[in-house]
There are 2 protein chains.
Amino acid sequence: MRAGERAYDTLRTEILDGVLEPGSVLQEVEQSVRLGVSRTPVREALRRLIADGLVAASGRGTVVTAISRNDIVSLYELREALEARAAGLAAQRRDAADFAGIRERLLEAPSLLAEGEAGLVRYFAIVDDLDDAIEAAADNAFLGAALRSVQLHSARIRRLSRHNHERLRAAAGEHLLIVDAILAGDAELASHATHVHLHMSLTNALATVPADEAAPTADPVPTADPVPTADPVPTADPAGGPRVA
Amino acid sequence: MRAGERAYDTLRTEILDGVLEPGSVLQEVEQSVRLGVSRTPVREALRRLIADGLVAASGRGTVVTAISRNDIVSLYELREALEARAAGLAAQRRDAADFAGIRERLLEAPSLLAEGEAGLVRYFAIVDDLDDAIEAAADNAFLGAALRSVQLHSARIRRLSRHNHERLRAAAGEHLLIVDAILAGDAELASHATHVHLHMSLTNALATVPADEAAPTADPVPTADPVPTADPVPTADPAGGPRVA
DNA sequence: GACGGCGTCAATGTATACACGAAGCTGCCG
DNA sequence: CGGCAGCTTCGTGTATACATTGACGCCGTC
């Protein structure tokens, strides 16, 4: 695989998993040493991450963007517009067999959620497959690209409510409703069920995130160890806020 | 200004203006010579254009993506989801003064459209300002980024119906309706008026584009002059279709 | 003591040299 | 005469050296 691709995947995964916390400073030389490639592929990776809105160029160095409470609301507003539309289109254009399979797997969600961490992973795999199936059924390249962009940011938020079993059980039920609407070919119901689901999800996310998640963990964590890159890191993201790319 | 930025702006403008037609092959060395910079900034520009979905990496060299009839429909599906939502949010959050000013200017649209090319430019400036005002009023960074992405592709399509005065006059009226709804704070009406506007716009666009606009003009036009880069250029875009980025 | 200007330095921006891979062409063999 | 194999060549991928910019801190002056 190309080095630039690997660098991008590595950094993106680390940001999404929270290994690189918001406020972390990513410098080209530093990262090129850490990842074992030259600056060129690192530059490419950082530019792509900027386009994704996961990092932001900030004067000197690029910093991992924070997700403020306000950002969560904004993201959900966009998600609702996109996913409701996608669900509606999927209901009109779906191949029933695809969603029938997902429906079967979704029925096992409650027992999966009782199984602990392993079950949790399998549950999220089902949800991801559902997202992919909707995106594929909607059969719209532009919409698909926009959806992947919001899913990127949603993944970061998901970590917050990951261990709220009560909510996850309810979410599984909402997903089932969406799948049933799509299987029934009812575009309006699929749209509205998605709207409901996202509303509940947002409510839960906001309840989970207390004051302001943006909270950078005091010191900026320069990824590599002994580098004294200690600067205050403003909570509000500078410049134009997150770019969905 | 940074060379990479200039290269990106130049290439993007040329693609949007149709100077670089769909199917044109953009090679790094070739472009670096033409633009008078080295390969590095050209690479950066091309990567950004790929992220924008304006070009696609295609085996040897990157080619300017074509817009198929199907792409137009897809784009309008996404536009409707995004812009209807944005108009609704703008109606809730707008500062009345901003839109009152645009409303005044929009009232002059019919006379502007009678003035020929110069008036046309001024008319499109008003429409662009309206888009910007809606985006600003919606006050949602994620939605804004998604909107800018679709506007990029819409600009390419707009060229097609640029000289249909009948349609432009009607569009001006539809825009006025949207502005009035926003001024009235009526989110639902603003949404639906946007839906209507885009529906009419799509209908017109599809009527204007006859068989398949993707039609690459026979030979791929290698931007620089005497280079015999003659390969057939497939009409359908390869790989994953346009990325909205 | 505070403000402004200048110098230093580090990190990014740019250029170029080198490496690798793929596609096309040519020549040989079946 | 056609197909395949090897070579050649062009183009992108990567690394590194050099240029430039902008930020930080120090010093001088008001």
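A residue is buried if 20 or more other C-beta atoms lie within 10 Å of its own, exposed if 12 or fewer, and partly exposed in between, with C-beta atoms placed from the backbone. This is a predicted model, where local features need pLDDT of at least 70, side-chain atom pairs count only at pLDDT 80 or more, and totals for chains, interfaces and linings use all residues. Residues are numbered from 1 along each chain as its sequence is written, while chains are lettered from A and ligands numbered from 1 in the order in which they are written.

**View 1. A:Asp186 sits in a loop of chain A.** The loop runs between helix H9 (165-183) and helix H10 (187-208). Helices (H or I, at least four residues) and strands (E, at least two) are DSSP runs, numbered from the N terminus. Is A:Asp186 buried, exposed or partly exposed? A:Asp186 is partly exposed, because 16 other C-beta atoms lie within 10 Å. Leaving out residues up to four places away in sequence, A:Asp186 touches A:Ala91 and A:Ala181. Two residues are in contact if their C-beta atoms, placed from the backbone, lie within 7 Å. A:Gly4 is 182 residues from A:Asp186 along the chain, and their C-alpha atoms are separated by 43 Å.

**View 2. A:Asp139 has a positive phi.** The value is near 55°, and the residue is not a glycine. A:Asp139 belongs to the loop between helix H7 (117-138) and helix H8 (141-158) of chain A. A:Asp139 counts as partly exposed because it has 17 C-beta neighbours inside 10 Å.

**View 3. B:Asp139 also has a positive phi, of about 55°.** B:Asp139 is not a glycine either. In chain B, the loop that holds B:Asp139 lies between helix H7 (117-138) and helix H8 (141-158). B:Asp139 is partly exposed, because 16 other C-beta atoms lie within 10 Å.

**View 4. DNA strand D is surrounded by 15 residues.** Near means that a residue's C-beta atom, placed from the backbone, lies within 6 Å of the molecule or strand. The closest residues are A:Arg2, A:Ala3, A:Ser38, A:Thr40 and B:Glu28. Which helices each supply at least two residues of this surface? They are helix H1 (3-16) and helix H3 (39-52) of chain A, together with helix H2 (28-35) of chain B. H3(A) gives the largest share, 3 residues. The surface has 4 nonpolar, 6 polar and 5 charged residues. Ala, Val, Leu, Ile, Met, Phe, Trp, Tyr, Cys and Pro count as nonpolar, Asp, Glu, Lys and Arg as charged, and the others, Gly among them, as polar.

**View 5. DNA strand C has 15 residues around it.** B:Arg2, B:Ala3, B:Gly4, B:Ser38 and B:Thr40 come nearest. Helix H2 (28-35) of chain A supplies at least two residues of this surface, as do helix H1 (3-16) and helix H3 (39-52) of chain B. H3(B) gives the most, with 3 residues. By class, the surface near DNA strand C holds 4 nonpolar, 6 polar and 5 charged residues.

**View 6. An open sheet in chain B has 3 strands.** Their order is S1-S3-S2, and the pairing is antiparallel. Strand S1 (25-26) and strand S2 (55-57) are the edge strands, each pairing on one side only. Two strands pair if DSSP finds at least two bridges between them. S2(B) pairs with strand S3 (residues 62-64) of chain B over 3 bridges, in the antiparallel sense. What stands opposite B:Val63 of S3(B)? B:Ala56 does.

**View 7. Chain A is assigned domain 1 (3-64) and domain 2 (69-208).** The bounds come from an automatic or database domain assignment. The C-alpha centres of the two domains lie 29 Å apart. The contact takes 4 residues from domain 1 and 5 residues from domain 2. On the domain 1 side, the residues divide into 1 nonpolar, 2 polar and 1 charged.

**View 8. Residues 213-245 of chain A have pLDDT under 50.** pLDDT is the predictor's confidence in each residue, from 0 to 100. For residues 213-245, the model has 72 contacts beyond four places in sequence. Where pLDDT is low, the predicted coordinates should not be read in detail. Chain A averages a pLDDT of 86, and 85% of the residues score at least 70.
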